[in-house]
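Thanks for coming. I'll keep this short, and I'll start from one detail before going to the whole assembly.

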2 protein chains.
Amino acid sequence: MPLKPSNSIPDIVIGRLPLYLRALTHLRQEGRDVTSSHELGEKLGISSAQIRKDLSHFGGFGKQGTGYQIDFLIDRLRKVMQVNQEWRVAVVGAGHLGSAISRYRGFRDRGFRIAWVFDADPAKIGTKIDDFIVQDVANMQDIIRSNKVQIAMIAVPAEQAQQVANLLVEAGVRAILNYAPININVPPHVMVQYIDPVVHLQHMTYYLLSDE
Amino acid sequence: MPLKPSNSIPDIVIGRLPLYLRALTHLRQEGRDVTSSHELGEKLGISSAQIRKDLSHFGGFGKQGTGYQIDFLIDRLRKVMQVNQEWRVAVVGAGHLGSAISRYRGFRDRGFRIAWVFDADPAKIGTKIDDFIVQDVANMQDIIRSNKVQIAMIAVPAEQAQQVANLLVEAGVRAILNYAPININVPPHVMVQYIDPVVHLQHMTYYLLSDE
DNA sequence: TCCCGATTGTGACTTTTTCCACTATTCTAC
DNA sequence: GTAGAATAGTGGAAAAAGTCACAATCGGGA
């Protein structure tokens, strides 16, 4: 559901880069300076050859015999994924989930800043979530347009997700992270990714032994 | 990170089944009785051949010329994924995210029931989240053991995720959904899946045009 | 200086996944 | 009853993804 076809690097490779970046950041936090494809692979459950091949798409980041300089590799991956800048993100939906997302501190140092939270419920509009004030969804398109917001997260009930997506797309959003458990239709130039815990759970229950 | 190797059906196929089930449920909610691989594929952005082949792993669920009886297919998929029963799930972490998860109504009719919420913070232990009371994580292993809990969600800070996972595994949990943005190590008989919004966002920013 | 162990980057190969296209079947309309 | 349109199921081809294994290179130590 993401992807531009034009580019030569497989999307599945792009999808692993954030995992590499995350693992590298943890290694650095532990004070490490250098790592190897083998070590990284162990941490991630991915073969070392895979990691080397993935990284080689973007140039030779490592040194034979030594491995990868962590700081250097982090820097390069950030640039490749364009998270060496801060993307401002809009959140639609200020319910339990939307609030939790908006309060989450973990976006900031990984390239994203929640900058707006929208809701349609008059009882929620104007209330504060941490720093920001919940905005009326009626003003959403204006705000998105004037701020050139490219990324939004949908945290509304499934019934409203498509409608919200339509508004976002019309206002110029190019990337949507949809927490609502429903597939949404968007034009080809817009990317959508989904977060649905039940999908993961059901995937796992297939393999579980039901002992009841 | 899921998977038993023994089985003959590819894990990637298993991973799509929840998506099929979700789309079928929506179709039924719209009052539809029958659908086709083509329609399903359109909704999901998957080729119709893919869907037919995936489903054919589990038997002939459709009828040539007609398509798939939605109720029947839902029933079969539920059985295949073992979500025709209700799995009781433990949530570890009663912060903003853990609370939002615990309050979410969407698990129930898809095969899962949040049954316990644990936290280590004395200020949170004993407080109510909807119906249930936040339990002391010190009692977690006992509760998991005596109730034979097989599934847990981790919603604690990254630093504590591995430690929590260790406790869960030791107590007999077989499937973990980890919301903490860190890879955790578990024995091979335990499945782990991850939810990290930043991973999805970074995946998408690779393709965005940074106009700043 | 030279050797040895470690590790990358990569071409070739293998495995997995997806797609194609065809047959068989079903339903509807006439 | 028959023709025609629609659609599942499927074997095999094609494409994609992953793995292997080796040459090249690096750093450290004798």
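Predicted model: local features only at pLDDT ≥ 70, side-chain atom pairs only at ≥ 80, totals over all residues.

Which residues of helix 2 of chain A are buried? Helix 2 runs over residues 37–44, and the buried ones are Ser37(A), Leu40(A), Gly41(A) and Leu44(A). These four span an arc of only 100° around the axis, so they sit on the same side of helix 2 of chain A. Turn to the other side of that helix and you find His38(A) and Glu42(A), which are exposed. Here, buried means under 20% relative accessible area and exposed means over 50%.

After helix 2 of chain A comes Gly45(A), and its phi is positive, near 70°.

Now the chain as a whole.

Last, the two copies. How is chain B laid on chain A? A turn of 180° with a shift of 0.0 Å along the axis does it, and the RMSD is 0.0 Å. The two copies are therefore related as by a two-fold rotation axis. As for where they meet, 100% of the interface residues of chain B are also interface residues in chain A, so the copies use the same surface.

That is the end of my part.

Definitions and conventions:
Residues numbered from 1 in each chain as written. Chains lettered and ligands numbered in written order. Heavy atoms only, no water. Least-squares fit on C-alpha atoms with pLDDT ≥ 70 in both. Contact = heavy atoms within 4.5 Å. Buried < 20%, exposed > 50% of the residue type's maximum accessible area, 1.4 Å probe, protein only. Helix = DSSP H or I, 4+ residues; strand = E, 2+ residues; numbered from the N terminus. Arc of directions from axis to C-beta.
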